[in-house]
Amino acid sequence: RLSRDFGDQVLEFLLSRCFSFRETDKAWHGGCLALAELTRRGLLLPDRLPTVIPLVCKALHFEQVSGNHVAGQHVRDAACYVCWAFARAYAPDVLQPFVSELAKALIQVAVYDREINCRR
């Protein structure tokens, strides 16, 4: 089992490497899945949520155009998984400061995403 200190080091690496705008959709996808798993295992500490929540909201709207191909559905799916993991891992009072921001992003995804059928 990974200790909390090592989990925090993994999180630092993820934040520095996977979530910049110059990264590919694959990096964002992997970063979101890793965040969800760290959350599920109790290794994403609540004091890191102010840093992580804005990235998850960006991932919920992620889309990269490459020629005539658009990538991003798998990133948005992974971001929804992160939101699910948050709801399962944290008490309501821990998530309360972030509920409005997450709810707005999730509602926008539910209403406007053309690939929503797998997330419903």
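I began at Leu49, which touches Leu44, Pro54, Phe86, Tyr90, Val94, Leu95 and Phe98, leaving out residues up to four places away in sequence; contact is taken as heavy atoms within 4.5 Å. The model is predicted, so I note that local features need pLDDT of at least 70 and side-chain atom pairs pLDDT 80 or more, while totals for chains, interfaces and linings use all residues. Residues are numbered from 1 along each chain as its sequence is written, and side-chain values use heavy atoms, without hydrogens and water.

**Entry 1: helix H3**

I looked up the span of H3, residues 49-60. Its 12 residues reach 16 Å from the first C-alpha to the last, close to the 16 Å expected; the expected span is 1.5 Å times one less than the number of residues. Helices are DSSP runs of H or I with at least four residues and strands are runs of E with at least two, both numbered from the N terminus.

Which residues of H3 are buried? I find Leu49, Val52, Ile53, Leu55, Val56, Cys57, Ala59 and Leu60. Buried stands for under 20% relative accessible area, exposed for over 50%, and partly exposed for the range in between, with a 1.4 Å probe and protein chains only. The buried residues of H3 pack against H1 (4-17), H2 (25-40), H4 (73-89), H5 (92-95) and H6 (99-112).

**Entry 2: the nonpolar core**

I then turned to the largest nonpolar core, which has 35 residues. Such a core is a set of buried Ala, Val, Leu, Ile, Met, Phe, Trp, Tyr and Cys residues joined through side-chain atoms within 4.5 Å. Phe19, Leu44, Leu49, Val52, Val56 and Phe86 touch the most other members. H1, H2, H3, H4 and H6 are the elements that give two or more residues to this core.

**Entry 3: aromatic pairs**

I counted five aromatic pairs. Rings of Phe, Tyr and Trp (its six-membered ring) pair if their centres lie within 6.5 Å; planes under 30 degrees apart are stacked, over 60 edge-to-face, and the rest tilted. The rings of Phe19 and Trp28 are edge-to-face, because their planes stand at 90°, with centres 5.2 Å apart. Phe19 is buried at 7% relative accessible area, and Trp28 is buried at 1%.

How are the rings of Trp28 and Phe62 arranged? Their centres are 5.2 Å apart and their planes at 35°, so the pair is tilted. Trp28 belongs to H2 and Phe62 to the loop between H3 and strand S1 (64-66), so this pair ties together parts 34 residues apart in sequence. I record one aromatic cluster formed by Phe19, Phe21, Trp28 and Phe62.

Asp25 lies in H2 and is buried, with a relative accessible area of 10%.

**Entry 4: cysteines**

I searched for disulfides, meaning pairs of cysteine sulfur atoms within 2.5 Å, and the structure holds zero. For Cys83, the nearest cysteine sulfur is that of Cys80, at 6.1 Å. Cys57 is buried at 10% relative accessibility, and Cys83 is buried at 11%.
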